[in-house]
Every structure is written in structure tokens, then in C-alpha cells.
Amino acid sequence: MPAGQALRIDPLILSQSRTTFSFLVLLLLLVVRRGWKQLRLPPADFGRIVLLGVLGVAASNYFYYLAIQKTNVATAIILQYTAPTLVLLYMVARGRQKATLRRVSAVALAVVGSALAIGVVGAGGVRLNPVGVIAAMLAAVSFSFYNIAGHNILARYDRWIVLLYTTFSAGAFWLVVNPPWKLAAAHYSGLAWGFLLVFAVVSVLAPFSLYFAGLQHLEPTRAIVVSCLEPVFSIIIAAIALGEGMRPGQVLGIVVVLAAIVLVQLPDAVVEPME
């Protein structure tokens, strides 16, 4: 497949194929391994996971790619990674956490470090577009939602079951928004669909299963701060695999993100006096 072909895939189809292919692959694996009976859910929890799939997975995927299309990668990532701030504000507002100096500092460092790492200073920079900015902020809200709601659901269910139903609900939602005949009208080649299948496994099935495993053990604020490692690893992999250089600002951003992750994982008693 020509290198530019994947870049011309509509963001809606890209989001749709990621979740749909991930669901089909995971369903096949779980049916073979566990059988149909082990995949059932009570109706109430099924509804909660459907919301997680639609408002969390589907929305965050689509709005993120729409933001990239309308602005650029740097702008989309920087705005999406304001999500740690939203999660902390929600947790504090609901009385589930306190806005301690340690947590506020860790979240602030994570946001600033991500911005520096992805290149807010230097080549590329931020490119503002009203639709793109709104899409990126909606992606941040969706990302925050599935961190909070996902943590609550994963406290009761195996992560593979949660991932199965979130990808199912996201895929079903996209079939309503973008029916099969519209997919057929796109006239993608077999190689393009093959790329989308591999992309789904690599970008959704594998990382989401690992991230959900983390959400089972970490409360949402800690988990979402750790998620800021994504741009860090992107830069490091690009430097190793593609020989791309790292600017001083990016190196500083990586250090700041790592500091934020260490800080947010510290037990409260280590750095916070008793009230």
C-alpha cells in the first residue's frame, strides 16, 4: 500500500475500523478460550459498559483523529492531554480525592511535560482551528470519562470482558453513524483494509488491554498521569527506529513527564503532612 494511502483514510472510518476489528478479533479469541456463556453480563452493567464504549472509546477516537485532521498532531495531543486536569477536578468535586499539593503538582507537570515533549516549542508548534480545537477538547473529555467510568467497572469485571463490550458498543455506534453501504462506497483496497486490521490490533486491542489492566489497580488520576508516557514513547521510538533527533525542549518534556509519574505514585504520607 502506498505510504500516503493510509493518511487519506477518513477519520470516522479509521475510528470505526479500529473498534470494529478489535471487537471481532477479541470475540473470536474469547469464544474459543471461554465459550459464549462466560461472556454474559447483567443488563444494568451492560448499559454502563455501552456508555463507556460510546462516550469513551468511540468519542475519544473520533474526536482525536478529527482534531489531527483539522489542526496537527501536536495541537491534538497537547489539548487531549489536558485530560489529567479534568480527571483531578472531577475527583475533587465528587469528594473522592483532595486537591493536595502533590496531586496538583503531578497533574500540572504531566500536562506541561506532554506539551514540551510533543513540540509545543519549535518546529510545527500549535496550529489553531476552531473545529479542531473543539474536537481535541471533546477528545480530552471522553478520555477523562473512560478513565473514571472504566476504573469503576473494572473493579467488578475482568478487563477482557470490559474491553469486549466497549469495543462492541463503539463498533455498533459507528455502524449507525456510518452504515456498511457508506463503507463500501469508500472503495478501499484489500491492502488498505488489511492495514486497518493490523492498525486496530496494534493501536486498540493491545494497548487498551494493558491500559485497562492498569486501571484495575490505579485510581483514575494516577492512571491518566501515567498515560502521558504515550508521547514520550512516541518520541523515543522515533529517535531509535527512524533516527529522528530530539530537541532540548523535548528532552526536558520527557524528564518532566517522568517526574510527574513518580510524584503521583508516591504514597500521600511520604510528602503530605497529616491534617
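Visitor: Which helix gives the most to the lining of the largest pocket?
Guide: Helix 10, with 10 residues. A helix here is a DSSP run of H or I with at least four residues, numbered from the N terminus. The model is predicted, so local features need pLDDT of at least 70 and side-chain atom pairs pLDDT 80 or more, while totals for chains, interfaces and linings use all residues. Residues are numbered from 1 along each chain, and side-chain values use heavy atoms, without hydrogens and water.

Visitor: What makes a residue part of the lining?
Guide: An atom within 4 Å of a pocket point; a pocket is an open set on a 1 Å grid, with protein on both sides within 12 Å along at least five of seven lines. The largest pocket has 44 such residues, and Arg-18, Tyr-64, Tyr-65, Ser-203 and Glu-230 lie nearest its centre. Helices supplying at least two lining residues include helix 2 (11–34) and helix 3 (43–70).

Visitor: Which residues of helix 13 are called buried?
Guide: Gln-250, Gly-253, Ile-254, Val-256, Val-257, Ala-260, Ile-261 and Val-264. Buried means under 20% relative accessible area, exposed over 50% (1.4 Å probe, protein chains only).

Visitor: Why are they said to be on the same side of helix 13?
Guide: Because they cover an arc of only 165 degrees around the axis, taken from the directions from the axis to the C-beta atoms. The face turned away from the buried side carries the exposed Pro-248 and Val-262.

Visitor: What do the buried residues of helix 13 pack against?
Guide: Helix 6 (101–118), helix 11 (220–226) and helix 12 (229–241), with contact meaning heavy atoms within 4.5 Å.

Terms used. On a 1 Å grid over the protein atoms alone, a cavity is a set of points where a 1.4 Å probe fits but cannot get out, and a pocket is an open set with protein on both sides within 12 Å along at least five of seven lines; lining residues have an atom within 4 Å of a point.
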